[in-house]
Amino acid sequence: MLNRRDFLKLVGVGGAGAAAGFALGEKSKNPSAELIPYLVPPEDIIPGVANWYTSVCAQCSAGCGIIVRVMEGRAKKIEGNPLHPINKGKLCARGQASLQALYNPDRIKNPLKRKGERGKGEFQEITWEQGIAMLSENLSSLRNNKRETEKLYLLTSSIRGHLNSFLENFIKAYGSSNYLQYELFQHENLLLANNIAFGQDTLPYYDIENTKFLLSLGADFLNTWVSPVNYSQGYGHMRQGRPGIRGKVVQIEPRLSLTGANADEWVPIKPGTEGLLALGMAYAILEQGYYKGRDAQEWKNILNKYHPKDVAVLTEVDERRIRALAKEFAVNKPSLAIGGENVASYENGASQLIAVNILNHLAGNIGKNGGVISNPKGASLSNRRGAIKKITAFAKDASNGKIKTLILYNANPVFTTPKTMKIEDAINNIPFIVSLSGSMDESTAMADLILPTHTPLEDWGDDFAEPSVGYSIATVMQPAVSPVFNTRNAGDIFIDVAEKIGGAIKKEVPWNSFDAFLKDSWKKIYDKNKGIVIQETTFDEFWDNLLAKGWWRLPDISSLKPGHISTKGINVYLQKEPSKFDGDDKNYPFYLCLYPHSGYLDGRGANLPWLQEMPDPMTSVVWGVWVEMNPKTAQGMGIKNGDMVSVESPYGNINIPAYLYPGIRPDTVSIPIGQGHRLYGRYAADRGVNPIEILPFKVDPRSGAIPLNSTRVKITARRDAPGNMVKMEGSTREFGRKIVETVTPDEFSKMGMEG
Amino acid sequence: MKKVILYIVVGVATFAIGYNVNAVYFSDRSPIQPIAFSHKIHAGDNNIPCMYCHIYADKSTVAGVPNVRKCIGCHKIIKQDAPEIQKLTDYWNRKEPIPWIKVHNLPDYVYFPHKRHVKAGVHCQTCHGDVAKMDVLTRVSSLKMGWCLDCHTNGAVAIIGREVKNGKDCWTCHK
């Protein structure tokens with residue numbers, strides 16, 4: 001009845017059916033996963049429940065307090081510390097992105113020794129013992145055999161707090177005086193201007209929050225300038241936090257910044273004449289008799305060269321507008337003028353900032369709420385004042401063979417100095433270079449020995465914010481997570497080296513670890529202030545509370561100065577003429593103004609993909625760099641949005657896509673700083689160009705600042721090269737689609753909806 | 001015609017057999033664990049409360065699988081010679097955590113906090129079954145969304161004496 005053939009068919013059907021049934025059963029399963037328990041549970045971890053640790057943000061020098069959300073030992077999210085007086089619970093994109101600095105796949109994971117030729121980037125992994133031994137032997141031989149301790153240089157980023165005093169101590173004990181700090185944006189000109197005007201070289205607290213009329217000269221304070229999170233909150237309060245009062249903002253700058261876009265008025269001033277405008281306004285204030293001081297006539301005599309009529313010609317701002325601004329500035333009290341990075345970046349930036357100080361003085365804004373409030377000095381342990389001037393001296397010493405050993409820590413001068421400064425060649429003269437940086441940046445790649453350090457989220461430390469908020473504060477950095485890679489604390493490296501060298505140095509650095517030193521230093525602060533401002537009865541209690549709260553108000557060391565500007569001797573510091581730009585205006589028709597990118601700042605953020613992915617707030621460009629040109633200028637040259645152009649200064653040229661930007665003067669072009677890394681990890685390397693490369697080598701002899709707005713350029717279309725600009729926006733226009741409904745402030749106040 | 005029916009019958013029958021073989025012998029409901037741990041011995045015979053080992057159930061989203069030190073804490077003394085306990089001792093000596101297979105595994109788009117359920121008064125057994133009788137732990141619930149919603153819509157009254165707040169809101173579980 002069943003033949004052989006049918007039987008085989010049945011077997012086939014049966015087999016297929018069973019297989020299909022088995023497969024369906026398999027498919028309907030939940031995916032299997034392993035459940036790995038702790039071997040021994042850490043005391044402070046509950047799986048699934050977050051721990052929050054306070055710390056300090058190190059992505060820029062604002063010194064915001066942060067809290068780090070840690071799950072099972074992994075940092076997951078960073079927020080602002082709600083108790084911290086600088087950022088009050090808020091945090092900017094750069095701070096948020098510091099998680100990616102921690103988990104960056106291109107971090108240096110082990111100590112490295114140079115293998116091939118210097119600068120070729122060939123390294124081999126070594127152990128910490130070998131690395132410390134190499135450094136110690138070098139320092140010992142420098143010290144013992146030849147007595148050349150002065151030939152050791154330590155170059156770091158802006159470090160404040162106890163690590164700074166620790167390094168100072170070490171270098172001094174070693175017998176060198178060459179500890180210097182260098183960063184691109186150190187506000188040297190602003191410090192100098194304040195020192196000359198008020199005799200106080202601290203950054204003041206600008207009370208944006210309580211002002212009625214804010215005159216911002218090139219200060220992009222909502223985006224990158226000095227302490228943007230603090231200022232942004234102040235700005236919000238100034239605009240909407242006071243029922244019935246809406247502060248007015250006038251932004252004076254050749255290129256409309258993010259802050260300019262938020263202002264009520266934008267004055268597209270001719271680059272390099274901002275200080276003249278401030279003096280012109282100052283003269284108008286005196287002329288109208290708004291300044292009641294006894295020295296009014298003296299001021300008038302000094303400033304009579306700056307009649308608004310003459311200033312109008314130089315600044316290309318209408319005389320009536322200058323007078324109107326002056327009146328508004330003097331009548332609305334309190335008012336506040338701030339001179340920002342764009343002004344500080346001119347060759348005579350310090351003079352222009354002094355002009356802004358004078359303007360504030362004549363309007364009576366110094367030391368007033370809603371004006372300029374000086375910060376106490378002394379609590380900050382920073383030594384950068386002296387250091388700034390030395391970056392050029394450093395380059396010179398390196399070229400002349402005066403440096404035998406260089407230790408770099410988080411400083412990248414190769415990227416942030418103009419090519420014309422030739423710092424790379426200079427550094428190349430140094431026989432032994434050690435980098436303590438955690439990323440392979442352009443300067444670290446030149447090292448012979450790399451001893452990688454922790455990121456701030458893994459590290460102990462503290463920070464004394466400058467500018468503070470009218471009183472001194474210290475913020476403590478504590479490790480939120482265990483080190484991800486085989487890295488160490490910078491202080492610990494020096495402690496190990498001191499141990500090896502021994503002798504007097506070991507005596508000067510007697511601690512076993514940097515965190516022991518840190519705790520010791522805070523113990524001193526505790527002992528000094530116990531019972532006065534410290535309520536806690538034991539140091540351990542104080543320390544625990546400090547770590548929990550994240551910051552502490554330091555007793556002010558110096559008293560506040562009244563902040564009166566004397567007419568005596570001020571004359572020599574006044575801006576005489578518009579800032580000089582290299583290149584003649586026939587061959588180089590455009591002013592070049594550089595500005596820090598909102599994500600990358602001076603280039604340090606370019607290795608974080610979140611920041612690369614973040615559209616620039618004004619242009620919406622991602623993952624790249626661009627040159628901003630006025631659409632009319634570009635049209636005249638046949639350049640379309642995204643076209644590749646060559647930007648050429650007398651010192652070099654770069655190829656870069658053009659972004660047609662209505663918010664820039666027709667005679668000015670602007671490029672953000674931050675891209676154009678040769679190295680610095682997969683996300684940053686070979687992306688875009690670095691505009692600092694085509695700058696002239698100039699340094700303000702008084703402040704040591706490198707002017708960024710100092711050359712003219714010419715633009716030529718590069719038809720041969722394709723543009724590669726990626727932007728999020730389709731168009732800057734809404735074509736009557738009413739995507740954003742707008743009203744003017746006057747209309748709004750008539751609508752009676754304020755408050 | 002008869003043959004076609006025969007084929008279909010055989011096909012369906014073997015399909016069912018295949019499916020059941022998978023469900024019974026290759027089940028994800030009771031996977032084979034690296035150590036043949038018996039809940040019956042621990043929770044049943046010895047009456048150890050659930051939260052003696054699963055210590056985070058009322059504190060966290062996860063109930064927590066006991067750390068190896070906790071196991072060894074008792075088994076340093078108890079039943080050292082048993083072959084399964086020797087496996088445990090080996091893990092401890094190698095300083096290796098035990099790679100348990102998850103019996104109750106939720107996809108990561110589901111937010112399920114143990115804490116809320118425990119605090120609302122749901123007994124462990126409601127979802128996990130009578131583990132005190134299980135030599136090999138078996139998942140008794142489907143853990144599918146419909147099963148969750150059985151309680152979240154109206155079944156909760158019988159279990160905790162009240163309805164679930166925002167029980168039907170998508171965002172309650174899918175954050």
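Predicted model: local features only at pLDDT ≥ 70, side-chain atom pairs only at ≥ 80, totals over all residues.
Residues are numbered from 1 along each chain as its sequence is written, chains are lettered from A and ligands numbered from 1 in the order in which they are written, and side-chain values use heavy atoms, with hydrogens and water left out.

In chain B there are nine helices and one strand; helices (H or I, at least four residues) and strands (E, at least two) are DSSP runs, numbered from the N terminus. A box of roughly 70 × 45 × 30 Å, taken along the principal axes, holds the C-alpha atoms of chain B. Of the 175 residues in chain B, 24% are buried. Buried stands for under 20% relative accessible area, exposed for over 50%, and partly exposed for the range in between (1.4 Å probe, protein chains only).

Chain A has 25 helices and 28 strands. Its 755 residues would give a compact globule a radius of gyration near 27 Å, and the 29 Å of chain A agrees with that. The C-alpha trace of chain A spans about 120 × 80 × 55 Å along its principal axes. Buried residues account for 58% of the 755 residues in chain A.

Next come the surface patches. A patch is made of residues with over 30% relative accessible area and no salt bridge, where like charges are joined within 9 Å and nonpolar side chains (Val, Leu, Ile, Met, Phe, Trp, Tyr) within 5 Å. The accessible areas come from the Shrake-Rupley method with a 1.4 Å probe, and for residues only the protein chains shown count as cover.

On chain B, the residues K115(B), R116(B), K119(B), R162(B), K165(B) and K175(B) form a positive surface patch. Lys and Arg count as positive and Asp and Glu as negative, with His and the chain ends not counted; the place of a charge is NZ of Lys, CZ of Arg, CG of Asp or CD of Glu. K115(B) counts as partly exposed because its relative accessibility is 35%.

A nonpolar patch on the surface consists of L2(A), F7(A), L8(A), V11(A) and L6(B), which together have about 450 Å² of accessible area. Helix α1 (residues 4-27) of chain A supplies three residues, the largest share of the nonpolar patch. L8(A) is placed in helix α1 of chain A, and its 48% relative accessibility makes L8(A) partly exposed.

Side chains of opposite charge can pair when their charged atoms come close. Over all chains, the structure holds 39 salt bridges, each a side-chain nitrogen of Lys or Arg within 4 Å of a carboxyl oxygen of Asp or Glu.

In one of them, R246(A) pairs with D264(A), with 3.1 Å between the closest N and O atoms. This pair links distant parts of the chain, 18 residues apart: R246(A) is in the loop between α7 (228-241) and β11 (248-252) of chain A, and D264(A) is in the loop between α8 (258-262) and β12 (265-267) of chain A. R246(A) is partly exposed at 36% relative accessibility, and D264(A) is partly exposed at 27%.

Another salt bridge joins E287(A) to R323(A), the closest N and O atoms being 2.7 Å apart. It too links distant parts of the chain, from E287(A) in helix α9 (residues 274-287) to R323(A) in helix α12 (residues 319-331) of chain A, 36 residues apart. E287(A) is partly exposed at 30% relative accessibility, and R323(A) is partly exposed with a relative accessible area of 25%.

K580(A) forms a salt bridge with E577(A), at 3.5 Å between the closest N and O atoms. K580(A) counts as exposed at 52% relative accessibility, whereas E577(A), at 42%, is partly exposed. Elsewhere, K248(A), E265(A), R321(A) and E328(A) are joined into one network by salt bridges that share partners.

Note on methods
Rg over C-alpha atoms; globule rule 2.2 N^0.38 Å.
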